[in-house]
Amino acid sequence: MNKEKRSLDILIINSPLFRDKVDGYDEDSLPPLGLGYIATNLLNNGMTVELLDAVEENVPIGTLLAIIRQKCPRYVALNIFTTNLHLVREIVESINGGVRFIIGGLATKNLYRTIMRWNTSCPVDIVIGEGDFVVSAIVQKNPLDIISQDGNKRVITVSMSSPYFPQNISNIPLDRSFFVNQPLRHVSGFNEVSIVTSRGCMYNCAFCSAARSLNKETPVRERNAKSVANEVAMICEIYQNVDSVRVLDDLFLRNTQSIERAVRMFEHVPVTWRAMAHVLSFYKLSDAHLLKLKRSGCKEVFIGIESGSSRILRMIHKTSDVDLVKRTIKRLFRAGIDVKGYFIFGFEGETVEDMQMSYDLAVWLKEASIKNGANFRTSVFQFRPYHGTKLYRDMILKGRIIDEVVHHKELSAEIGRKQFNFTSGNFSEVSDENLREFIIKTNGINR
Ligand code: SF4
């Protein structure tokens, strides 16, 4: 690699989900806000930085490698997930010297030993913990908390006691010019900008890497309402055509207090908003509270329903009272709030009866929304175990084989939205064909 032309300190890559360019790919993806915070901190510390969103821009691995060789940055920083572990490995192993890699993301906590075994000629720093400030420290060669080192690889942690741990997340600067897709034009015709107002989740779903039991060492943190209101006001100023704000927190509406906080954040801004919520968040709220939420601009909430089977819901540590789920979501419809429900099919041991209950629940909610003049839509996934989660560990202990994650092409051909269709095997009691049918028809209630 030609170091003579080196003028870029760091290239940050939102790492790809597909190895090759996906023909006809026109899907929207969410902006990588976490990488944006890292890039802004680097920039504010005087470094030259570029952010390449390989997901949004549909950049295949071959082109990414050519970009790295041509730009020849001092560092390349990438995020990694269970889904694209093999792709990140291919990128890192294909570059023969000249740059240093930094790999981060929630999954590194469980993947770092695997990454340590990769055959790389470039040095690799694996970051466990939040990267906002530590990436600048790595590039500036400041003291680090290195918990393991082998050959050209180091594992760096950002624990709560680290000077690089973002204790107070209220005023971390974010330069939005790093994002290529803001505001995002939604298929329903409105322009939306994304924000983050908190980090971490208080629930403990057995399939989720954000589960509290897996992240005990990192407290849930919230921005103060004023800092969020200021950011929203600034967004309205920068993007004059913005209609809506999407809150990308793992869980924005988690309890009564968080709902009151949301009302305070949004009641005085001229945009609507959408966010993730837990069904129990609304349980204790009166109808008057729900109307207040609607009046603050809440247009739609995203709820992880996951299943209509109490047995499966218990297994994954979700609210197993399906009637409570129905009653609560119906009250949201009555308040004029739309709901998008996430469903997962294909849990280990899931039977055809369990799947039928999920489908029936989705149909029931769709009908209830129509009767109440609101909208219910679904987003449906095939279960795949993420490294480190309870379900993953249980399956490994039982000796189950978990295949490498691959794109589920048949599903993509039927329902589109390719970026969400991946599989690492069918662990349920039903055939592949039946599983696919349930996913397709539950997703199909949106039509
Ligand atoms: S509520 Fe959502 S973010 Fe929290 S653990 Fe469950 S699935 Fe994960």
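How many bridges join strand β1 to β2, and in which sense do the two strands run? In this predicted model, β1 (residues 10–14) and β2 run parallel and are joined by 5 bridges. Within this pairing, Ile 13 has Leu 52 of β2 as its bridge partner. Both strands belong to an open sheet of 7 strands, ordered β2-β1-β3-β4-β5-β7-β6, in which the pairing is mixed. The edges of this sheet are formed by β2 (49–53) and β6; each has a single partner strand, so one side of each is left without a neighbour in the sheet. From one strand to the next, the twist averages 20 degrees. Helix α1 (residues 33–44) lies across β1, β2 and β3 (75–79). The angle of helix α1 to β2 is about 165 degrees.

The domain assignment divides the protein chain into domain 1 (3–157) and domain 2 (182–446). The contact between them takes 19 residues from domain 1 and 17 residues from domain 2. On the side of domain 1 that touches domain 2, helix α4 (residues 108–116) gives the most, with 3 residues. By class, that side of domain 1 has 11 nonpolar, 5 polar and 3 charged residues. The C-alpha centres of domain 1 and domain 2 are 28 Å apart.

A second sheet is described next. This open sheet of 7 strands has the order β8-β9-β12-β13-β14-β15-β16, and its pairing is mixed. At its edges stand β8 (184–185) and β16 (376–382), each with a single partner strand, so one side of each is left without a neighbour in the sheet. Strand β13 (residues 272–277) is mostly covered, with 5 of its 6 residues buried. In the strand order, β13 stands between β12 and β14. Strand β12 (residues 244–247) pairs with β13 in the parallel sense over 4 bridges, and Val 245 stands opposite Trp 273 in β13. The pairing of β13 with strand β14 (residues 298–306) is likewise in the parallel sense, over 5 bridges. Here Trp 273 stands opposite Cys 298 in β14, while Arg 274 stands opposite Glu 300 in β14.

Helix α7 (residues 256–266) makes a right-handed β-α-β unit with β12 and β13. From β13 the chain crosses through helix α8 (residues 287–295) to β14, and this β-α-β crossover is also right-handed.

Several features of the backbone were noted in loops. The peptide bond from Gln 182 to Pro 183 is cis, with omega near -5 degrees. Pro 183 is located in the loop between β7 (153–157) and β8. A positive phi, near 60 degrees, is found at Lys 141, a residue other than glycine. Lys 141 belongs to the loop between α5 (134–139) and β6 (146–150). Lys 141 counts as exposed because it has 7 C-beta neighbours inside 10 Å, the limit for this class being 12 or fewer. His 317, also not a glycine, has a positive phi of about 65 degrees. The place of His 317 is the loop between α9 (310–315) and α10 (322–334). With 17 other C-beta atoms within 10 Å, His 317 is partly exposed.

Leu 391 is found in helix α12 (residues 390–397). Leu 391 counts as buried because it has 21 C-beta neighbours inside 10 Å, where 20 or more are required. Apart from neighbours within four places in sequence, the residues in contact with Leu 391 are Ala 206, Phe 207, Glu 348 and Pro 385. The C-alpha atoms of Leu 391 and Phe 347 are separated by 9.0 Å, and the two residues are 44 residues apart along the chain.

Definitions and conventions
Residues numbered from 1 in each chain as written. Predicted model: local features only at pLDDT ≥ 70, side-chain atom pairs only at ≥ 80, totals over all residues. Domains from an automatic or database assignment. Contact = placed C-beta atoms within 7 Å. Nonpolar A, V, L, I, M, F, W, Y, C, P; charged D, E, K, R; others polar. Pairing = 2+ DSSP bridges. Right-handed = clockwise from strand over helix to strand, strands pointing away. Axes fitted to C-alpha atoms, helices over the stretch in contact; angles between N-to-C directions.
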